[in-house]
Amino acid sequence: MTEPSPRPATSGGGTQPEEADRLREILRTPGYLKGLVFCALIGVPVSLLAFWFLVALHQLEHLMWADLPETLGWDTPPWWWPLPLLLVSGILVGLVVTRMRGAGGHIPAAGLHAGGPTAAALPGVILAALASLPLGAVLGPEGPLIALGGGLALLFRDLTRAPATAQAKTLLAAAGAAAGISAILGNPLIAAVLLMEMAGVGGPQLFAVMLPVLLASGVGSLVFTGFGNWTGLDTGSLTLKIGVPLPSLDAGDVLWAVLMAVAIGAAVHLVMGGGRTTARFVARRPVVHTAVCGLAAGVCAAVYALATDRTPVDVASSGQATLSRLAADPHAWGVGALIAVLLCKGLGYAICLGSLRGGPIFPSLFLGGAVGVLLAPLPGLGVVPGMAAGMAAAATSALRLPVSSVVLVILLLGSAAMIPVVMLAAVVAFVTTELLPPGAAVPPVGKAAEAAPTVQDRS
């Protein structure tokens, strides 16, 4: 799976083949073709394991936030419910970080990474995610899924004794990550674009990464769909059904989208900076400080519930289900509730980014959508354009992946009508975030700190 050597100089004076010729040479390389077949095959076991991992997360979350409160006599969790759950979450994650290989996976404040952990680190990744997400961490499952998929792909490569070149490792990790994450994002195309943009390559190398990613992502989606229908179990994939008609865009929507994108980009940049600050705090005393951060995130949810008389699940969760309810009935949220959820969830998001384990996508989408609904009454702005621009701006600012954010939001909306404001908001938010002062490094913690270099922020 090595790239072919450059062709000799031709009569035209060129020393490198044309881009199309280089791509054909890569595709004709026996090692690369074998890698494509291996990526297709590896998508099946990776997707099955990721399926059951998501089922476990979904079932545990339902148990903790629905079944258990009902058993104890509450229709919804009481205001104090997040406090013990997130305190326990912080203690468990702290123990995983300090006592297991890989420190429970990458710190969410450092962004998403396409690489997979070693086989020895996979148990820590799984346990840290199970201790974080079902107990109310303000994070999504995409981070652990990417690590799980990439790590499993590398593990299967080792078991089959496939070639272990640097290029093969990159392609297999990206393909495995795409297979693992495709279903939770609701569409295999999103997973493919996300992993390609995370890889950060161009030209023929982009296509070399794109093909196994697309292949494994498509296979993974088929496995998820078929296995889910057969078992009847739910993994909680991210889908939206907008409860209001899709309007036609006008000048007001475009103008407000630009202004929203600037404000959201700056606000999310502060939230991500808060996550990095939290990570540095946790690195000093991982177990104690992670427990403190878990309790602090629980306080954010409890304060929100007391202030609004709504369920603390609105804050103490990834925001996946809450975003669906917000999109289905945006008028059910008053101005006070929207402001409270933005403040409390934003603070809880910053805390969890640097302390617990998960991914940054889902909470950023919810925060952006909530901003859009809050500002929808502005003259010339509607609910749907506001949500579309808000989600695109927030996701772009959190991920630093504008193309992936645009594709994700458009496919979530299920319509091409909002493409202009989504693209405009994503670009403006990305430029705004990049022009702001870059964030500090996120320090490794636990056993990862002994050998791993400091992970730098994407900005």
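Which ring does the charged end of Arg310 sit over? Select Arg310 and Trp333 to find out. The charged end of Arg310 lies over the ring of Trp333, 4.0 Å from its centre. Here, a charge sits over a ring if NZ of Lys or CZ of Arg is within 6 Å of the ring centre and within 35 degrees of the ring normal.

Before moving on, some ground rules. This is a predicted model, in which local features need pLDDT of at least 70 and side-chain atom pairs count only at pLDDT 80 or more, while totals for chains, interfaces and linings use all residues. Residues are numbered from 1 along each chain as its sequence is written, and side-chain values use heavy atoms, with hydrogens and water left out.

**Stop two: another charge over a ring.** Select Lys345 and Phe366. The charged end of Lys345 sits over the ring of Phe366, 5.4 Å from its centre.

**Stop three: paired rings.** The structure holds five aromatic pairs. Rings of Phe, Tyr and Trp (its six-membered ring) pair if their centres lie within 6.5 Å; planes under 30 degrees apart are stacked, over 60 edge-to-face, and the rest tilted. Select Trp80 and Trp81. Their pair is tilted, with 5.6 Å centre to centre and 45° between the planes.

Is Trp81 buried or exposed? Buried means under 20% relative accessible area, exposed over 50%, and partly exposed in between (1.4 Å probe, protein chains only). Trp81 has 5% relative accessibility, so it counts as buried. Trp80 has 33%, so it counts as partly exposed.

**Stop four: the core.** The largest nonpolar core has 121 residues. Such a core is a set of buried Ala, Val, Leu, Ile, Met, Phe, Trp, Tyr and Cys residues joined through side-chain atoms within 4.5 Å. Helix H14 (residues 383–399) gives the most to this core, with twelve residues. Helices (H or I, at least four residues) are DSSP runs, numbered from the N terminus.

Select Leu194. Leu194 is among the core residues that touch the most other members. Its contacts (heavy atoms within 4.5 Å) include Leu112, Ile361 and Leu401, not counting residues up to four places away in sequence.

**Stop five: helix H12.** Select residues 335–353, which make up helix H12. Of its 19 residues, 14 are buried, so H12 is largely enclosed by the rest of the structure.

**Last stop: His289.** Select His289 in helix H10 (residues 286–308). At 12% relative accessibility, His289 counts as buried. Its side chain reaches the backbone oxygen of Phe281 at 2.6 Å.

Definitions and conventions: Helices (H or I, at least four residues) and strands (E, at least two) are DSSP runs, numbered from the N terminus. The expected span of a helix is 1.5 Å times one less than its number of residues. A polar contact is a pair of N or O atoms within 3.5 Å; within protein, one must be able to donate a hydrogen and the other to accept it, and residues adjacent in sequence count only if both atoms are side-chain atoms.
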